[in-house]
Amino acid sequence: MNRHIAMMGAIARRPAGRIGGIIVCLVLLVAIAAPLLAPYDPLAVNLSAKLLPPNAAHWLGTDQDGRDMVSRLIWGARPSLAVGLLAVAIGMFGGVTLGLTAAVIRGVWEQLAMRTMDGLASIPLLIWAIAIVGIVGVGPVELGGWSLPNESKIVLLVGILYMPPLARVAYGAALLEARAEYVQARRLQGARLWPVMLGDVLPNCLSPVIVQATLLIAVGIVVEASLSFVGLGVEPPAPSWGNMLADARQFIYSGAWWTYVFPGLAISITVIGFNLLGDALRDTLDPRKSAGAGRLVI
Amino acid sequence: MLWAFLNRLLGSIGVLVMASIVLFALVHAIPVSPARVVLGMDASEDDIATFDHDNGLDRPVVAQYFSWAGNALRGQLGRSLVDDTSISRTLVQTLPVTVELVLWAFLLALVISVPLGIVSALYEDRWIDQLARGIATLGVSIPSFWLGLMLIAWGAVGLGWFPAGGDVPWRDGVGAHLRAMVLPAMALGLYYVAIISRMTRSSVGDVLLADHVRVSRAMGLPRGRLMVYVLRNALSPIVTVAAMSFGYMFGWALIVEHVFNIAGMSRALLNAILRRDYIVILDIVLVITALFLFANLVADLLYRLLDPRLAE
C-alpha cells in the first residue's frame, strides 16, 4: 500500500502527471455525476431558443434544436469514457491473460497465442471499426433481455484489437519475472506454479501494462468520437462529443462557433489528460530515456 | 535476411486471407439478406429467391467465398448488388484521391517532424524542446476531424485563403489543386508530426549519449560530420515508425475526407454502408487492409536494410 502511495506521489510531482491526473479525475467526476451537474435535460428541444450564443442561462450556448450545450457536453462525457475504459478493460483482461499464460506455459500455446496477437496487431483499427459497424448495421444490440447501445460494437472490436500491445508488454515482463530469483526460490520452497504466477509475477508485470492501457484509453476516446462523427457511433439524439460535432458541421459558415468549438475542446482536453497521465506514469515506472518510444501509432 | 522477409510476407498474406474470411463470414451472418435491401421490404419470397439465385447467393457460403476470392485474385472485385456498378471501377476512381491525400499529409508530416525531433534532441529541455514536446502532446490529442473543422473555420471561412473542401482537379490549375490539399493534409498530418517527431527525438537523443559519439566529440570531429554519424545511427526506428504511420494514415484519411467532402474512398465506403452494399464494404476494407499490411512490410524491410545487425 505504501508503495502505491509513494508512486502516486512521484506521479503528482511531475507537472504532466499533476495536470493529467486532475483532468482525468474531473472528467470522470463529470461523467459519473452528469444527472446532478447538468443544468438542463440534454434532450429537451426548445425551438424558441435555437442557436443561442453563450449567455447567462446557457453558459456555452444552445444547438440547432435549442438544446443546452453545457448539459449535452456533460452527458456526452459518458459514452466517450465508457468506450475508452471498457475497451481497455477487455484488452487488458484478454491481453494480460494471453501474455502471462504464454510466458508461463510456453511451447505450442506460446506460439499460438503470440502469433495470433501478431496477426491481430496488423489489422488497422479505425477502418475495421467503421467496417464492422457498417456491416452489422447501426442500432442497439439485443442480448438476452438487455438492449446494449450501438457503441458496444465499437467497444468489443476496439477491445479485441487492444489485446496485442497489452499482451506483448505483459508477455515480455512475465518472461523476465518468471526467471527472477524470487520466483525460483518460491518454487524451490515447494510453492505451486499458478499461485506464484498470480500472486507474485502478475502484480510485478502490471506497471508497463498500465502505462500502455492509459495511453490506449485516449485512443479509444478518439475512435468513438470519430465514429460518432461519421454517424456510426452513438446514435442521436443521445449526446456524444462526436455526434455533436457532426451536427455542428453545418454551422461553420454561419458563425455559430460555440457549436463546433466546445465539443472538440472537450475531446481534446480529455485525451490530453489521459496522454499526460500515461506519459507521467511511464516516466515514473520506467525512467529509462525512452520518451515517445512506448507510444502506439494508430 | 531474405528468409525473414519471405516469412513476413507469408504472414501478411495469411492475415489478409483471415481478414477476408472474417469479413465474409460476418456479412453472411447478418440476418438481413442483401436481397431485402435491394428489393425493399415488401418484395415477395419468390422475388428474393430469384434475386439470390441470379447473384449466386443461394449457394453454400464456402462456395461463395471461393468464387469471390478467385475473382479477387484475378483483379475482379465483382459488382455492387445495389446499383450493379463495377467495384473495381469505383476503386480506380476513388483510391488515387485517397492515396494523393495520404502522400501530401505524409510529406508534410516528415518535413516538419524530423527536423523538429532533431532540434528537440540537440537542445534537450531548452525552450525549443519544450515547444516541440508541447506540439507533440497536442498533436496526439487533437482528433483529426475536429482539427479539420477548425482549419475550415480559420483558413477557408475566416481568411478565405483555401477552399473549404471538395475536389479541385489538376486541370483547374496546379496552384488551385495544391491549395485545396493544404487544409486536409494539415488535418491528417498533425498527429503523425507528433508521432514521428517524438520518435526522432528519442532516437537521436539515445545516439547522442552513445560512447562513440562522446569519443568523436572529444577528438574534435566537426559538428556537421558528427551529425551525419548520429543521424545514420538514429535512422532505423524513425524510418520504421514513419512507414507504419503511412499505413495508419489511410484509416484517418477516410474521416478527413468526410470532413472536407473529398470524393475519395471514404465517400465510396460510407455510401456503401448507408446502402448496406456489403460486397463493396468488404472489398474497400480489404483493399485498405492490404495497403496497411504492405506499409508494415516495407517498414520491416527498411528496418532490416538500415540496421545491419538485424540482417544476420
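**Terms and values in a two-chain model**

Colleague: What makes L51(A) count as partly exposed?

Modeller: L51(A) has 16 C-beta neighbours inside 10 Å, so it counts as partly exposed. The cut-offs are 20 or more other C-beta atoms within 10 Å of a residue's own for buried, 12 or fewer for exposed, and partly exposed in between, with C-beta atoms placed from the backbone. This is a predicted model, in which local features need pLDDT of at least 70 and side-chain atom pairs count only at pLDDT 80 or more, whereas totals for chains, interfaces and linings use all residues. Residues are numbered from 1 along each chain as its sequence is written, and chains are lettered from A and ligands numbered from 1 in the order in which they are written.

Colleague: Where is the place of L51(A), and what is its phi?

Modeller: L51(A) lies in the loop between helix 3 (34-37) and helix 4 of chain A. Its phi is positive, about 50 degrees, although the residue is not a glycine. Most residues other than glycine have a negative phi, and most peptide bonds are trans.

Colleague: Which residue follows helix 4 of chain A, and why does R106(A) count as exposed?

Modeller: Helix 4 of chain A is followed by R106(A), with a positive phi near 60 degrees. R106(A) belongs to the loop between helix 4 and helix 5 (107-121) of chain A. It has 12 C-beta neighbours inside 10 Å, and therefore counts as exposed.

Colleague: What shows that helix 4 of chain A has a span close to that expected?

Modeller: Helix 4 of chain A covers residues 69-105, which is 37 residues, and reaches 53 Å from its first C-alpha to its last. Helices (H or I, at least four residues) and strands (E, at least two) are DSSP runs numbered from the N terminus.

Colleague: Why is helix 4 of chain A called largely enclosed by the rest of the structure?

Modeller: Of its 37 residues, 27 are buried, so helix 4 of chain A is largely enclosed by the rest of the structure. In chain A, 48% of the 298 residues count as buried; in chain B, buried residues make up 39% of 312.

Colleague: Where is the peptide bond that is cis?

Modeller: The bond from P236(A) to P237(A) is cis, with omega near 10 degrees. P237(A) is found in the loop between helix 9 (193-229) and helix 10 (241-248) of chain A.

Colleague: What makes helix 5 of chain B oblique to helix 11 of chain B?

Modeller: The axes of helix 5 (residues 87-122) and helix 11 (residues 265-274) of chain B come within 7 Å and cross at roughly 130 degrees. That angle makes helix 5 of chain B oblique to helix 11 of chain B, since angles under 35 degrees count as roughly parallel, over 145 as roughly antiparallel, 65 to 115 as roughly perpendicular and the rest as oblique. Axes are lines fitted to C-alpha atoms, for helices over the stretch in contact, and angles run from 0 to 180 degrees between N-to-C directions.

Colleague: Which residues in helix 5 of chain B meet helix 11 of chain B?

Modeller: T90(B), T94(B), L95(B) and T98(B) meet M265(B), R267(B) and A268(B). Two residues are in contact if their C-beta atoms, placed from the backbone, lie within 7 Å.

Colleague: How many residues has the largest nonpolar core?

Modeller: It has 171 residues, and those with the most contacts inside it are A129(A), A170(A), M249(B) and I281(B). Helix 10 (residues 223-260) of chain B gives the most to this core, with 19 residues. Such a core is a set of buried Ala, Val, Leu, Ile, Met, Phe, Trp, Tyr and Cys residues joined through C-beta atoms within 7 Å. Leaving aside neighbours within four places in sequence, I281(B) is in contact with A131(A), G134(A), I135(A), L269(B), A272(B) and I273(B).

Colleague: How many residues of chain A are in contact with chain B?

Modeller: 40 residues of chain A are in contact with 50 residues of chain B. Helix 6 of chain A gives the most to the side of chain A that touches chain B, with 9 residues.

Colleague: Why is D211(B) exposed?

Modeller: D211(B) has 7 other C-beta atoms within 10 Å, so it is exposed. D211(B) is found in helix 9 (residues 211-218) of chain B, and its C-alpha atom is separated by 75 Å from that of A49(B), 162 residues apart along the chain.

Conventions: Expected span 1.5 Å × (residues − 1).
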